[in-house]
Amino acid sequence: MIALGLTLALAYTPAEAQALFTEANDAYYRQEYSAAKDKYERLIAAGQSGPDVLFNLGTTHLAANELGPAILFLTRAARLAPSDDDIAAQLAVAQQRQLDQVVGAEDAEPFLQRLGRAVDERLVSWGFLIAWWVAFGLLFVFLRGSSHRWAFGLATAAVFAVALGLGGLVGVQAWVSTSVKEAVVMAATAKAREFPGDTAKVAFEVHAGLLVRVMEDSGRFVRIRLPNALEGWVEKEQVTPL
Amino acid sequence: MARTGSALAITASLLAAGPALAAELEFYMTVDRNKVGTEDTFRCEIVVSNAPEGAVVQFPTPADFEVLSRSESTQMSYSVGPGGMGQIKQVRKFTLVMRANRAGALTIPPAGLQTAARTYKTDAIKVEVVPGRLAPEPRPRQPQAANPFGLPPGFPFGDEDDDPFGLPRALPDPFADDPAIPRSDSDLFLRATLDRPEVFVGEQVTLSILIYSRMDLMGVDSVTMPKLEGFLSQEIASPTNLHAEDRVVGGVRYRAYLLRSKALFPLKPGELNIEAAEADIASGVYPFSQRKLHRKSNTLALKVKPLPAGATNVGRWRLSSTVNQSDIALGEPVQLKVILEGRGNLKNVTLPKLEAPASFRVFDPQQTEKSSIKNNLVGGTRTVEYVLVPQQTGRFELPGLTLEYFDPESQQREKTSTDPITITVRPAGTGAQALTVPANDTPQGEPAARNQLVGGGLKSLRHTARFSEAHAVPWRQPFFLPLSIAPVALALALGLVSFVRTRAGQEDEVSRRNKQAKAARKRLAQAEKLAAAGSTIEFYAEVDKALRSFLEARLSQNVTGLTRPQLDDAMKAATVSEAVRARVLGVFETCDLGRYAPGMGDASARRKALEDAVHAMEVWP
């Protein structure tokens with residue numbers, strides 16, 4: 001509640017937010033990347049985020065050669081706007097600069113995860129609600145009887161099929177969102193150990209910008225899994241959840 | 001060599017005096033030429049062999065000749081004579097460099113040798129003297145050994161192997177001249193020389209001012225150089241400390257000092273004259289015999305040949321170009337360095353203009369020049385630095401540059417060119433993909449003018465933003481689940497209502513039939529009132545209607561128009577008992593009799609009909 005109150009107190013008016021956004025852009029073009037990042041982050045802290053702010057913040061980090069934050073914010077922007085080509089292209093550029101090359105990566109992440117990420121959460125959610133209501137409306141009309149009863153029957157079945165499909169996608173997204181926790185490596189180099197402890201043997205190293213899955217946590221450490229199923233424990237502060 | 005004198009006679013007389021001495025003394029005088037010019041010098045040698053101790057040579061003192069210098073040399077030799085006795089021979093040679101004072105048949109008087117015993121004389125020598133100069137012209141200057149001054153390799157004027165321009169056929173040597181010794185001031189004179197008698201317009205000719213001296217010099221107080229009209233000049237040497245170099249001029253040994261040296265570049269063709277230089281020279285030994293002498297050099301004439309038509313640049317040049325990088329990002333400047341080096345008058349060379357593709361913005365170049373003098377040849381390096389900023393991505397070619405010049409050495413027009421340079425412009429890493437080049441600036445048909453857009457690089461920032469919460473996914477919102485469940489709940493509710501309403505509809509049918517039955521009973525009550533009023537026909541009609549209405553309600557079918565057997569069948573189908581059926585049918589028969597046979601309509605009959613009808617309704621199952 002206190003946080004909410006602070007957020008509301010810090011919130012900018014739309015004009016102020018746009019002015020701050022423009023100032024940040026100007027700082028970027030003057031190559032004053034620290035000032036630009038500070039202004040973008042103030043917008044995010046005020047709850048006035050969105051794909052555009054995240055995109056610019058990620059791009060600023062990328063221009064400043066800070067690969068970890070760049071991939072973090074660009075990935076967040078991409079999750080909010082999956083169909084945005086600019087964000088996808090910028091993220092691809094950042095990933096090309098990444099040091100780690102995961103060898104023997106699984107052909108693809110599990111189907112449901114891919115399916116859940118492939119579609120726009122908003123689109124699917126609203127599409128489901130609309131189709132769901134329309135389907136029930138058609139069902140009502142069908143049951144009341146009319147001169148085109150067969151047509152209403154077919155339409156009802158079709159819309160029900162669409163609604164159920166979309167509903168399934170919403171369910172998949174909800175499952176992926178709640179059960180699959182991802183993070184980006186922020187440290188320039190993070191040692192992945194065989195068990196959570198400073199004395200544990202280092203199994204491998206990962207570097208800034210690598211997207212990993214967080215499986216569990218224990219004290220100061222979290223267990224990460226790479227796309228090729230390689231696992232290790234790294235310090236929590238070395239990764240940032242998406 | 002003309003050898004004159006009385007050597008044989010002297011020898012013969014000496015033989016008479018004694019074998020040992022007669023064989024030893026020789027005394028004679030010779031000249032190297034018997035015909036000379038008034039400008040020529042010649043040598044006169046007086047030779048004395050095995051002169052007795054104390055013998056003194058008396059040199060000739062000719063009035064018609066000037067003795068420019070005198071030198072002496074002695075040679076000793078040892079030989080074994082007849083009888084095995086060794087003999088030592090001493091030869092003293094006196095060399096006089098002479099020059100005639102006038103033309104004509106002149107005579108050099110005899111030289112003398114005075115010994116303790118007697119005086120010997122040589123013969124006089126006749127010399128034919130003509131005006132001017134008979135001696136051959138100074139020998140052509142031979143190409144000197146490459147890099148006689150040990151120049152560092154790599155410089156265009158350095159070692160020939162490393163010199164792409166090659167050395168000139170003859171390096172200018174200020175001391176190579178063979179000057180005429182002036183008739184007066186022969187001990188100290190000033191000489192102006194040019195290293196070549198004729199040149200092309202713009203070609204270097206080197207003017208040297210030298211001091212020739214046979215006396216001790218203390219220094220040069222002042223030098224007045226001639227006016228060099230019609231020339232561009234550049235100082236080559238102006239030494240503050242004079243260095244002597246031994247030179248023999250006309251057989252006379254001098255010490256030559258280079259006073260000034262200038263490179264001259266004639267500006268126009270024709271015969272150009274150079275006036276005399278002047279200098280004040282201090283000689284002698286300070287402070288006892290110091291003298292200040294003023295000397296004036298000779299004048300010079302130079303023939304200047306015109307250049308071939310169209311030639312402007314003169315010398316020997318090499319053009320090269322480099323870029324600091326050939327793979328650049330869009331908007332990144334590239335530095336093109338064009339270097340001209342060689343020999344000649346660098347300031348007079350006009351470089352070709354750079355024709356860069358329209359895709360490049362070319363800034364004004366910066367030019368630096370560094371002149372150099374090696375082996376008395378003037379040259380230098382001019383560096384022109386262009387800054388080009390690409391306006392488009394793609395591959396572009398900077399065309400090569402070509403400089404035409406006239407090479408006086410080969411006397412031909414030559415060309416030097418740079419190679420074209422290919423520059424790859426890739427998208428910038430900070431956002432911009434391509435900048436638009438105005439179409440008007442694009443030359444027609446230039447391949448590089450195509451706007452080649454290459455993917456990659458960082459995208460530009462968003463300039464406007466739509467601000468939103470970070471996680472505004474609908475399915476996370478509180479309304480989502482109720483909205484999803486609502487249609488199902490609503491459908492269930494509607495189904496329930498429908499079910500209830502259906503059930504409610506079935507109860508109404510029973511009620512309706514009950515109501516019909518109730519209405520039938522009300523009709524019977526009405527019929528009873530009619531009976532009391534004496535309306536027989538109406539009474540029976542009302543009873544009939546009441547009973548039929550009751551049957552319709554109970555049988556759920558229309559019974560109007562049915563005959564009594566049909567009514568009986570309907571009641572049978574409704575599982576009505578036979579007693580009730582009989583009673584109902586009896587009432588209908590009584591009603592028919594009462595309506596159509598009025599005699600049957602007494603009060604008892606009406607009462608019975610009414611009671612039967614009531615009874616039938618009451619006992620109906």
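Predicted model: local features only at pLDDT ≥ 70, side-chain atom pairs only at ≥ 80, totals over all residues.
Good morning. I begin with the helices. Two packed helices are described by the angle between their axes and the distance between the axes. In chain B, helix α4 spans residues 536–555 and helix α5 spans residues 564–573. Their axes lie 11 Å apart, at an angle of about 35°, and the crossing of α4(B) and α5(B) is left-handed.

Which residues of α4(B) and α5(B) meet? From α4(B) come Arg548(B), Leu551(B) and Leu555(B), and from α5(B) come Leu567(B), Ala570(B) and Met571(B). By class, this contact holds five nonpolar residues, one charged residue and no polar ones.

I turn now to the cavities. Rolling a probe the size of a water molecule over the atoms shows where empty space is left. How many cavities of 30 Å³ or more are there? The count is two.

The largest cavity holds about 180 Å³ of space. It is lined by 17 residues, and the closest to its centre are Glu203(B), Gln204(B), Arg343(B), Pro408(B) and Glu409(B). Domain 2 (160–305) and domain 3 (316–449) of chain B each supply at least three residues to the lining of the largest cavity.

The second largest cavity holds about 40 Å³. Its lining includes Ser321(B), Leu336(B), Val338(B), Leu354(B) and Asp419(B). By class, the lining of the second largest cavity has seven nonpolar residues, two polar and one charged.

Thank you for your attention.

Key
Residues numbered from 1 in each chain as written. Chains lettered and ligands numbered in written order. Heavy atoms only, no water. Axes fitted to C-alpha atoms, helices over the stretch in contact; angles between N-to-C directions. Helix = DSSP H or I, 4+ residues; strand = E, 2+ residues; numbered from the N terminus. Left-handed = near helix turned anticlockwise from the far one by under 90°. Contact = heavy atoms within 4.5 Å. Nonpolar A, V, L, I, M, F, W, Y, C, P; charged D, E, K, R; others polar. 1 Å grid on protein atoms, 1.4 Å probe; cavity = no way out; pocket = protein on both sides within 12 Å on 5 of 7 lines; lining within 4 Å. Points joined across faces, edges and corners; volume = space filled by probe spheres on them. Domains from an automatic or database assignment.
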